[in-house]
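Look over the sequence and the model before reading on.

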Amino acid sequence: MKMTNGEYGELVDRRRGRSPLGKDLFWAFFIGGAICALGQLLLELYERAGVSPDNAPGLVSITLVALGALLTGLGIYDDIARRGGAGTLVPITGFSNAMVSPALEFKAEGIITGSCAKMFSIAGPVLVLGTCASAVYGLVLMLLP
């Protein structure tokens, strides 16, 4: 069956159906907001437990990264992401998921050539771009009077 690109696009549009945009936006907002609310709750708990206000945000980040990694390892984060969409990508738990998912996927290839080598396949470009952008931003600020 030969098709042009236009005919193929029309076929895909007919089969795909429409996305429930309102529902998707609601769940992304709800799940993303719940993750951020959890972060705020952890911040309050750490400060009430006597952690200094300078150290509490770092502990919150560590906790959320660990929780995201744990939920990814248990297969729960994928279920949350299916429902929450972009709401799970933006918070720090999305970064954790982006690091752990490839490591789990390639663990059969071994620790070094599998998990360790593939761990940064998704998050690596983000880390490099973020580091380079911050260096350029720092230089610009340094050179401006």
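Which residues form one aromatic cluster? Phe26, Trp27 and Phe30 do. The model is predicted: local features need pLDDT of at least 70, side-chain atom pairs count only at pLDDT 80 or more, and totals for chains, interfaces and linings use all residues. Residues are numbered from 1 along each chain as its sequence is written, and side-chain values use heavy atoms, with hydrogens and water left out.

**Aromatic rings**

- A pair of aromatic rings is described by two things: the distance of the centres and the angle of the planes.
- Rings of Phe, Tyr and Trp (its six-membered ring) pair if their centres lie within 6.5 Å; planes under 30 degrees apart count as stacked, over 60 as edge-to-face and the rest as tilted.
- The whole structure holds three aromatic pairs.
- One of them joins phenylalanine 26 and phenylalanine 30, which are stacked, at 5.9 Å centre to centre with 15° between the planes.
- Phenylalanine 26 and phenylalanine 30 are four residues apart in helix H2 (residues 21-48), so about one helical turn separates them.
- Helices (H or I, at least four residues) and strands (E, at least two) are DSSP runs, numbered from the N terminus.
- Phenylalanine 30 also pairs with tryptophan 27, edge-to-face, at 5.7 Å centre to centre and 90° between the planes.
- Tryptophan 27 and phenylalanine 30 are three residues apart in H2, so they too are separated by about one helical turn.
- How open are these residues? Buried means under 20% relative accessible area, exposed over 50%, and partly exposed in between (1.4 Å probe, protein chains only).
- Phenylalanine 26 is partly exposed at 48%, phenylalanine 30 is partly exposed at 45%, and tryptophan 27 is partly exposed at 24%.

**H2 against H3**

- The axes of H2 and H3 come within 9 Å and cross at roughly 130°.
- That angle makes H2 oblique to H3.
- Axes are lines fitted to C-alpha atoms, for helices over the stretch in contact, and angles run from 0 to 180 degrees between N-to-C directions.
- Angles under 35 degrees count as roughly parallel, over 145 as roughly antiparallel, 65 to 115 as roughly perpendicular and the rest as oblique.
- The crossing of H2 and H3 is right-handed.
- A crossing is left-handed if the near helix is turned anticlockwise from the far one by less than a right angle, and right-handed if clockwise.
- The residues of this contact divide into ten nonpolar, two polar and one charged.
- Ala, Val, Leu, Ile, Met, Phe, Trp, Tyr, Cys and Pro count as nonpolar, Asp, Glu, Lys and Arg as charged, and the others, Gly among them, as polar.

**The loop between H2 and H3**

- Proline 53 lies in this loop.
- Proline 53 is exposed, with a relative accessible area of 60%.
- Its C-alpha atom is 19 Å from that of valine 65, twelve residues apart along the chain.

**H3 against H5**

- Helix H3 (residues 56-73) and helix H5 (residues 92-105) have axes that come within 8 Å and cross at roughly 40°.
- H3 is therefore oblique to H5.
- This crossing of H3 and H5 is right-handed.
- Residues of H3, including Leu64, Val65 and Thr72, meet residues of H5, including Ser96, Asn97 and Val100.
- By class, the contact of H3 with H5 has six nonpolar, eight polar and no charged residues.

**Asparagine 97**

- Asparagine 97 sits in helix H5.
- Is asparagine 97 buried or exposed? Asparagine 97 is buried, with a relative accessible area of 14%.
- Leaving out residues up to four places away in sequence, asparagine 97 touches Thr72, Tyr77, Asp78 and Pro102 (contact means heavy atoms within 4.5 Å).
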